[in-house]
Amino acid sequence: MKKITIPILILFILSGCNRGYESLEEAVQSEWKTPIKVVNQDEERRLVYYLDHDQHILGVYYYENGRYRYDNKQSVGITFSSENGLPFFVQANYFEGVGKIIHGAIKTDEHEVEKFIIQYKNGEQQEIIAKNNTFITEYPKTITTSIEMFQTEIENVIGYDKHGEIVEIYH
């Protein structure tokens, strides 16, 4: 009996060490019954931005031993629309082990956003390269307000296309 138990125990332990998925999309999809689509990823901070139908979600993923893991414990989602212009949102959130993060998106099928520029009331600005009309960036160290007060620090956020034309402005 011991001879059978030891190999089974070894297999059980080894299978636990190999948890995870080969792709980030597979790892995220494992948490959802509906199809998701990964649209942006910040590899340095281990953040993934994905869509579940109309919901835009940002969450923390884990990458160990060549495998991706994901759970929804540290994720935030938003569904947004607009009565004037293209739907555009900008949000700041705190993620344990990552810090304060700003993220946003413009919903459009007609335009491809190349970059976003966040203009702050203190005169500073941040330029972020867009990916699939979305962005993920660090919270500036010069902005000392809380996450909840972040919106009061923004003058504008502007999405530009590859020709330098404004796609949409968030006020």
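**Exercises on a predicted model: strands and a histidine**

Histidine 56 lies in strand β3, which covers residues 55-64, and the model in which these exercises are set is a predicted one.

**Exercise 1.** Determine whether histidine 56 is buried or exposed, and identify the side chain with which its own side chain makes a polar contact.

*Solution.* Begin with the relative accessible area of histidine 56, which is 9%. Because buried means under 20% relative accessible area, histidine 56 is classed as buried. Turn next to the side chains, where a polar contact of 2.8 Å links histidine 56 to tyrosine 49. Finally, leaving aside residues up to four places away in sequence, list the residues that histidine 56 touches, among them Tyr49, Tyr50, Val76, Phe80, Phe89 and Lys107.

**Exercise 2.** Work out the strand order of the open sheet that contains β3, and explain why one side of β1 and of β4 is left without a neighbour in the sheet.

*Solution.* The open sheet has four strands in the order β1-β2-β3-β4, paired antiparallel. Since β1 (36-42) and β4 (67-78) stand at the edges with a single partner strand each, one side of each is left without a neighbour in the sheet. From one strand to the next, the twist averages 30 degrees. Within this order, β2 (residues 47-52) pairs with β3 over six bridges, and leucine 47 stands opposite valine 60 in β3.

**Exercise 3.** Find which strands are joined by bridges to β7.

*Solution.* Strand β7 (residues 115-120) runs antiparallel to β8 (residues 125-129), with five bridges between them, and lysine 115 has isoleucine 129 as its bridge partner in β8. In the hairpin of these strands, where four residues lie between them, glycine 123 adopts a positive phi near 95 degrees. Six bridges also join β7 to β10 (residues 154-160), again antiparallel, with glutamine 119 opposite asparagine 156 in β10.

Conventions
Residues are numbered from 1 along each chain as its sequence is written. This is a predicted model: local features need pLDDT of at least 70, side-chain atom pairs count only at pLDDT 80 or more; totals for chains, interfaces and linings use all residues. Side-chain values use heavy atoms; hydrogens and water are left out. Two strands pair if DSSP finds at least two bridges between them. Helices (H or I, at least four residues) and strands (E, at least two) are DSSP runs, numbered from the N terminus. Buried means under 20% relative accessible area, exposed over 50%, partly exposed in between (1.4 Å probe, protein chains only). A polar contact is a pair of N or O atoms within 3.5 Å; within protein, one must be able to donate a hydrogen and the other to accept it, and residues adjacent in sequence count only if both atoms are side-chain atoms. Contact means heavy atoms within 4.5 Å. Axes are lines fitted to C-alpha atoms, for helices over the stretch in contact, and angles run from 0 to 180 degrees between N-to-C directions.
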